[in-house]
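Colleague: I'm new to this one. Can we walk through it together?

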Amino acid sequence: MKSLRRDLSSNPQAANVTSKIFVRSTKSGKVQKIVRELYLRQDIPCSSKICSACPTTAPADANGNITPFVLSEHPAGTSAFPRGHYLVPDTNALLNGMDLFEHTGAFYDVIILQTVLEELKNQSLPLYNRLLALIKTDDKRFYLFFNEFRLETHVRRGPDESINDRNDRAVRTVAKWYTEHLKTTAKGKKEKTIPTIVVITDDKENLRKAKQEGVTALSLSDYVAGLEDSDRLLDMINESREAREAKGARGELFYPEYYSKSRLMTGVRAGNLHQGVFNVSPYNYLEGSINVSAFDKPLLILGRDNSNRAISGDVVVIEVLPKDQWKTPSTKLVDEEAVTKNDNPDAEDSEAVVTERERKALQEEVKKAHGTNSEGRPQPTARVVGVMERRWRQYVGHVDSGSTGAQDSSGRRQQNVFVLPMDKKVPKIRVRTRQAADLLGQRILVTIDAWDRDSRYPTGHFIRSLGELETKGAETEALLLEYDVQYKPFPKAVLDCLPSEGHDWRVPTSKENIGWKGRRDLRDLLICSIDPPGCQDIDDALHARPLPNGNFEVGVHIADVSHFVKPNNAMDLEASLRGTTVYLVDKRIDMLPHLLGTDLCSLKPYVERYAFSVLWEMTPNAEVVSADFTKSVIRSREAFSYEKAQKRIDDPSAKDELTESMRTLLRFSKILRQKRMDAGALNLASPEVRIEADNDEVGDPLADVKTKAMLETNSLVEEFMLHANITVATKIYSTFSQTAMLRRHATPPPQNFEELTNQLTKKRDMRIDVSSSRALADSLDRCVDEKNPFFNTLVRILATRCMTSAEYFCAGAHAESEFRHYGLASPIYTHFTSPIRRYADLLVHRQLASAINYEGEDGRAVVEGVMTRNRLEDICRNINYRHRNAQFAGRASIEYYVGQALKARGEKMAATSMDGGIEEEGYVMRVFENGVVVFVPRFGIEGVVRLEDFVLPTDAALRTVAERRELVMRRQSDFDNEEYTLRVSNKGQSETDGSMKVELFEKVNVNVSSVKEEGGRGAGKRRVRILILGNNA
Amino acid sequence: MAAQRQASSASQTPLISPAELAYLYTSLSLPDGPIRPDGRSATQFRPLTAETDILPGTNGSARVGFADGTQAIVGVKAEVEKTVVAAEALNLSQHGAEDFADTEGDERHQSPSAGHGSWVQMSIEIPGFRDDDALPVFLSEMMREPLVESVSDGHGGSDDMAGGLKGRLVINKRWHWRLYIDVLLLSQPLSYPLPLLSLTTHLALLSTKLPKLKSQGEEDPFFDDDWNAAEYLYPRSQLKSHLSPTQQVRPPVTLLVISVGENVVFDPNREEIAVADTVLAVSVTRDSDSDGLKLLSIRTVDPPSRLTQPGVPNSENVATLGSTAAAEEALEMNPSTEEDIPGVWKPRRGGVKRRTIAKMLKLVLEKGGVGEEVLEGLEGVEVG
């Protein structure tokens, strides 16, 4: 009987067939044995330009071209490898040193094995993606070699061989093969010119075997040590592994162990454990919260023990703690820098997870929770028992100068330093570096590698320096990195998608031209645009004209970006990735290349432009009779700024048609606005200021900081844009019931407002009614304080923070009743009016074009690529994220600018020997036990005021940071949690004498200045300091 | 209908004349031991070839071929499945020990480690038969039953096999493996296919591996993705000499035994079955409890000899007597069938002697007997 078994190893005929067997567990719980047959080939090229054999055998594509070879003919050499070398890293080398491989100073000509790539994918998806990106870039010369498919380099797993050993062997086999292969095939056959193949591995066993087999292999650090600038490069190696080896099995473990993965999954499925995103309170780094689907309100996570190595943003699994451990949220400001300033990054043995100081900070909270307080009921708390997904990224920070003190800057010795991340929610990171002295005073980029149970802080490594602290370039880049804004210049592939005419592109003159197909000629309409001053990317323009029947035609014309950005080309993909244009004070990070954004798409005045128009017929009472959508060609008559438009409208002498049409628009907008308000739209406030840069050096730098003025013309534009958005939303939803791109603002759960309601009741005897948006709008209107005109705005700001944020979604993702936009009180909404700066609008344009059967230049509707819901949901997720980050980045940028302006002013004042700082009005937003949060409307900033920064009569003269810090010891406070008041006095003094009492919502006089921390904790860091001068003004 | 009827009996009755049957019967029932048509001894098996792991996509597989050209392939697949726990089983503790006693009887009162017979599914495909024909259904039940009922309480060698195969399939209280055993007879059933299928199934189960469990206790199961780390369904000894093979729980084998007169014949071929007095399917297994073999089940198989036509003695033969009248007379004179006439075939009727069954079982079960011989032989087939 002939055997049926396919025993491949013993059959020489079947040498090119092999199989790969593994177990696959599917999400649905199936466990399958998978057998894949591999057919080995010999035409996979080595891709070295030296090789003369591979170009003749390499597989060609349909056009007969072979993929260009990657590895250089004359690769760079080092002192150890003067003939040049190709690198073959193993998986661990990439895991530990991905930053190195991305470094532009070294690591060229790298052969990435398929084996390694797959292993990396299993171990770390982010690193895998980074490696793929590296392989794609041409200049680094990374070659992905499919070693598993090539006959000579395929390795069969031995009977008792572990997968790791087998993969290591595969790496060595490839190295051997390359050496042999290049020797025989090198052009010119000059032995001397053949580069060495260097295996990079940190596995000792692998190194030993390599030596045995005559393969050149080095550990990552040994290899890097032989390069130029090795100190800097060595710092970029992942710390975790090395550290773990060095420490070995140390006794003390600070943190509880995580549950096993399967236990977590079981628990989450069974509902005993909960999964959610871990968030850290901005006021107290020891307090985190987590929203899980099972409960309405977030759960509290108090202390390092319970947060158990989770870092803000991680997806974690938590376990609810027993009721006797429930606590009230903290009423205390706890700042990591202040509490842990004396930690020594080297002395780990003396560390406890919860230091005495931290414990004290927590104790007081417990006291509070168990106090007589009726209102502050203990809230459920939880502890982290596992991490599903680390969302660690690269963090911008600076070296804590206090932590380098111990060893001086004695040469190039490696030492541990703490890096304080810019993001206060992230704990300090322990970084080993050889260049501590150089890094002081620099903005640096670091990453977290690990957080082991035996380490109080996460360990990470240095990636690169952005430049000196407080330099414009470094700080701007820091902001962009911190908020994950894609700021690199557009790649060539994207720029290739632009019209070849460049700035000379014109609307075709002949109407026979294909560009006119399906477009309406609206060039004779008196259209104008109204935007902020200096606006270059003009998205929208308007017109209004009377119709013979007594009604009016009103038109909103939006830049026709979708004409220039075709679906799924490189530019479209780049734009969908960027999601939005990011506005910083002095910089704009565009979503679309400059040429489109500020010229070809922009509805500039006096030139013809393609537009997408929404036209309504309205009665004189602004009732919509009909709506029409069309692609069009327009010629804007004028580009106004808000102010100019306002002036023109207000000018009684202006009687021209354009002005009249603007007046009509204004009148209509007021009616529309009233209707919207009647429907229950909220008038929300955000603490925004505007920076008008490019002022001269001489003037007061603070003069640039302006609160946003609201003119009638602002709301004119806003109303019509809202109206256009709603009209378009209805239209695309009627055509694409599943895939329409919409925007919703979920009704906030009433419990979000609980605290604010409490505060208002207590302090002002006011109520806010959250039963509907209408009720909320009305009750907000009633929150007025005669003596305090800003009070209403303050309440609105606080109310806004209680709400959820609006989000993009695709129509199929929610029931129609959930489409509602709460803030605008509209049953359906989308974004249509700013396609130059928002990707969502661009998609909506495409959907609308398809909905009105616009065929486009090539005779096809261009909705391909937006028809599948999955893809749309991916896009929504991304643009929601980008949108949020863009807002944060913008705000942070303003904050930074205000700080710099204050600094500049301070320096100027210092020259004339006057006290730095400026006196302003501030409002108390939150009261803590040891400080308050004050909002300063003038600068749109809010800041923490600690006990020492209350200026009491006895210490009015003390202004420097150091002097004030001395005061901490003498201060005492009396905090009333129910009344939201805080009385600050000096120890030993009577209550009335020289004390200050502040309460919530109160207006206070503050002194705002920019100070630099000196000595001690967080040295070198600049912050805006607010001093409370008094409250009886 | 004829085919149906034959299917339910031991095999398709070969077309053998009564005279041939009588000859066969006589030579098999010789008091000094049977003389078998193929010259084998009474306990000798037909030569067979076997190999395992022939189907890479399965958890375990085997193929066995007899020299007469009959071949069978068995593939075993395993799937993780959620255990449906009846509400009653959850408050087992309340019921106490009284219910515990009859775990077999009442499925609702299982102990946590007890599996369920329905977790093993067997399907048999025989060329020329529909899957709901009597033969495949009967065969599969005949083989499945000893498989799932071979319970040992695990006091012996290995705890892994506590509760037998059913117990081995339990992952935890909420999860278990489901086993699909697909048996495929490649050739026409020349002889009764039970021994062939049973041997093949046995081998396939021996080579069956389950992915290694990584999770613990009551967690949702989570497995090692390395197939090389997978574990045998029936644990194999690491060193052959270290653990005595008798200590190891093995899947059962079902042997076909016939009795012809006073003689007992193993592994009968088609012709031998045709004249058998009794056909027994005896399932035995090796158990961790005791040194010897354990008898799991005995089934009697309807011997086809009952359906054969009797031979007619010359004395009664009309053809030889020449007249019908004489024949009738002869019939009256010898109300035939009562007594045997040597050399004339007469279908067997009536029961089996207790002594004969005891003898058959003894031959199977005794130390160094046929059962052990077969199991050892199968053990010798290289697995993996």
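Predicted model: local features only at pLDDT ≥ 70, side-chain atom pairs only at ≥ 80, totals over all residues.

Colleague: Which residues have the most contacts inside the largest nonpolar core?
Modeller: Val88(A), Ile318(A), Leu742(A) and Val934(A), in a core of 232 residues. Such a core is a set of buried Ala, Val, Leu, Ile, Met, Phe, Trp, Tyr and Cys residues joined through C-beta atoms within 7 Å. Buried means that 20 or more other C-beta atoms, placed from the backbone, lie within 10 Å of the residue's own.

Colleague: Which helix gives the most to this core?
Modeller: Helix H28 (residues 869-911) of chain A, with 12 residues. Helices here are DSSP runs (H or I, at least four residues), strands are E runs of at least two, and both are numbered from the N terminus.

Colleague: And what does Val88(A) touch?
Modeller: Leaving out residues up to four places away in sequence, its contacts include Ile111(A), Leu113(A), Val171(A) and Ile200(A). Contact means C-beta atoms, placed from the backbone, within 7 Å.

Colleague: Which residues does the second, separate core include?
Modeller: Leu169(B), Val170(B), Ile181(B) and Val374(B) are included in that core of 75 residues.

Colleague: What is the mean pLDDT of chain A?
Modeller: 82, and 85% of its residues reach 70 or more. pLDDT is the predictor's confidence in each residue, from 0 to 100. Over residues 347-353 of chain A it stays under 50.

Colleague: New topic. How many residues of chain B are in contact with chain A?
Modeller: 23, and they meet 24 residues of chain A. Strands E1 (48-52), E2 (60-66) and E3 (71-82) of chain B each give two or more residues to that side.

Colleague: Which residues of H22(A) are buried?
Modeller: Among them are Ser661(A), Met662(A), Phe668(A) and Arg673(A). What covers the buried residues includes helix H21 (642-650) and helix H23 (712-735) of chain A.

Colleague: What comes just after H22(A)?
Modeller: Gly680(A), with a positive phi of about 110 degrees.

Definitions and conventions: Residues numbered from 1 in each chain as written. Chains lettered and ligands numbered in written order. Contact = placed C-beta atoms within 7 Å. Buried ≥ 20, exposed ≤ 12 C-beta atoms within 10 Å, placed from the backbone.
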